[in-house]
Amino acid sequence: VVSTSVAVTVTDCQINGIDVSKWQQAIDWKTVKASGIKFAMLRLAHGTSKDIQFENYYAGATEQGIPVGIYCYTTAKSVAEGKKEAQNLLEMLDGKELTYPIALDLEDNLQIKNMNKEQRTKLVLEYKKIIEDAGYQFIVYANLNWLNNDSDQLPQDTDAAHTGIKHADWLSGFSLCQLISILHNTHPNLR
C-alpha cells in the first residue's frame, strides 16, 4: 500500500505519481504501475542517513519502467551542513540514472530555528549548485508558506535568471513543489 499519491497537471494532461519512503514498507511495484502511476519520487535520505528502502524502491520502480526522481528530507542547520548533506546524497545515489529531479525537501523546523532567511536561501542555492554540477536536475520541495515567508523571495517563473529555480504545483497532500515546469520541459507529451 502506498499512502501518498500525487496528481500533477501539466498543460492539458494529468500525471499521477507517488512519493515514497521507508514508511510505506514493502511496495508491489507491478501493482503500482497497473494502477496508472507514471512516476515515483523516492526518498533517498533523511539528512545524511540513507532511507533503508531506497535500493528496493529504486530497483522495483525501474524494473517496472516507472520513471523516478529522488528527494532528501534535509536536517541541515547551516549552509555548511547542507553542502555536506548534498555531497553525501550524491555518494548514496552512486551514479544511478534519474528521469526526474533531485528534490531538496524543506519541511523541518530546524532550518527555521537555526537559520535566517538569507541563510536558508543560501542553503537552497548551494545545494542546487552541487546537484546540478553533478549533472542532475534540481527542485525544491517545500510548502507554499515556506517558499513565501521563510526564504528570500525565490523567483516564481521558469525564466529566473539569478537562481534558475523553477516553481510549479506538485501537491502531495502536505507540500508544494516545483515539478511541473521540469516535467513539462522534459516530457511535454507525457500522458
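Reader: Let's start in the sheet. Which residue in β6 does C72 stand opposite?

Author: C72 stands opposite L104 in β6. The labels come from DSSP runs numbered from the N terminus: helices are H or I runs of at least four residues, strands are E runs of at least two. We call two strands paired if DSSP finds at least two bridges between them. Here 4 bridges join β5 to β6 (residues 102–106), and the two run parallel. Another pair across these strands is Y73 opposite D105.

Reader: Before we go on, what kind of model is this?

Author: It's a predicted model, where local features need pLDDT of at least 70, side-chain atom pairs count only at pLDDT 80 or more, and totals for chains, interfaces and linings use all residues. Residues are numbered from 1 along each chain as its sequence is written, and side-chain values use heavy atoms, with hydrogens and water left out.

Reader: How does the chain cross from β5 to β6?

Author: Look down the strands so that they point away from you; if the path from the first strand over the helix to the second runs clockwise, the crossover is right-handed. In this structure the chain goes from β5 through α3 (residues 79–93) to β6, and that β-α-β crossover is right-handed.

Reader: Which strands pair with β3?

Author: β3 (residues 39–46) pairs with β5 in the parallel sense over 6 bridges, and with β4 in the antiparallel sense over 2 bridges.

Reader: How do I read burial, and how many residues of β5 are buried?

Author: Buried means under 20% relative accessible area, exposed means over 50%, and partly exposed is in between, with a 1.4 Å probe and protein chains only. In β5 (residues 68–73), 6 of 6 residues are buried. Both faces are covered: V68, I70 and C72 sit on one side, with G69, Y71 and Y73 on the other. β6 has 5 of its 5 residues buried, with I102, L104 and L106 on one face and A103 and D105 on the other. As for β3, 7 of its 8 residues are buried, so the rest of the structure largely encloses it.

Reader: Back to α3. Which of its residues are buried?

Author: An α-helix has 3.6 residues a turn, so residues three or four places apart point the same way. In α3 the buried set is V79, G82, E85, A86, L89, L90, M92 and L93. They cover an arc of only 160° around the axis, which puts them on the same side of α3; the arc is taken from the directions from the helix axis to the C-beta atoms. On the other side, A80, K84 and E91 are exposed.

Reader: What covers the buried residues of α3?

Author: The cover includes β3, β4 (49–50), α2 (54–63), β5, β6 and α5 (117–133). Just after α3, D94 takes a positive phi of about 55°.

Reader: What about a loop residue, say S21: buried or exposed?

Author: S21 lies in the loop between β2 (13–20) and α1 (29–34). At 6% relative accessibility, S21 counts as buried. Contact means heavy atoms within 4.5 Å. Neighbours within four places in sequence aside, S21 is in contact with R43, D51, Y57 and Y71.

Reader: Zooming out, how many helices and strands does the protein have?

Author: There are 7 helices and 8 strands. Of the protein's 191 residues, 51% count as buried. Take the contacts between residues at least 6 apart in sequence: 67% of them join residues at least 24 apart.
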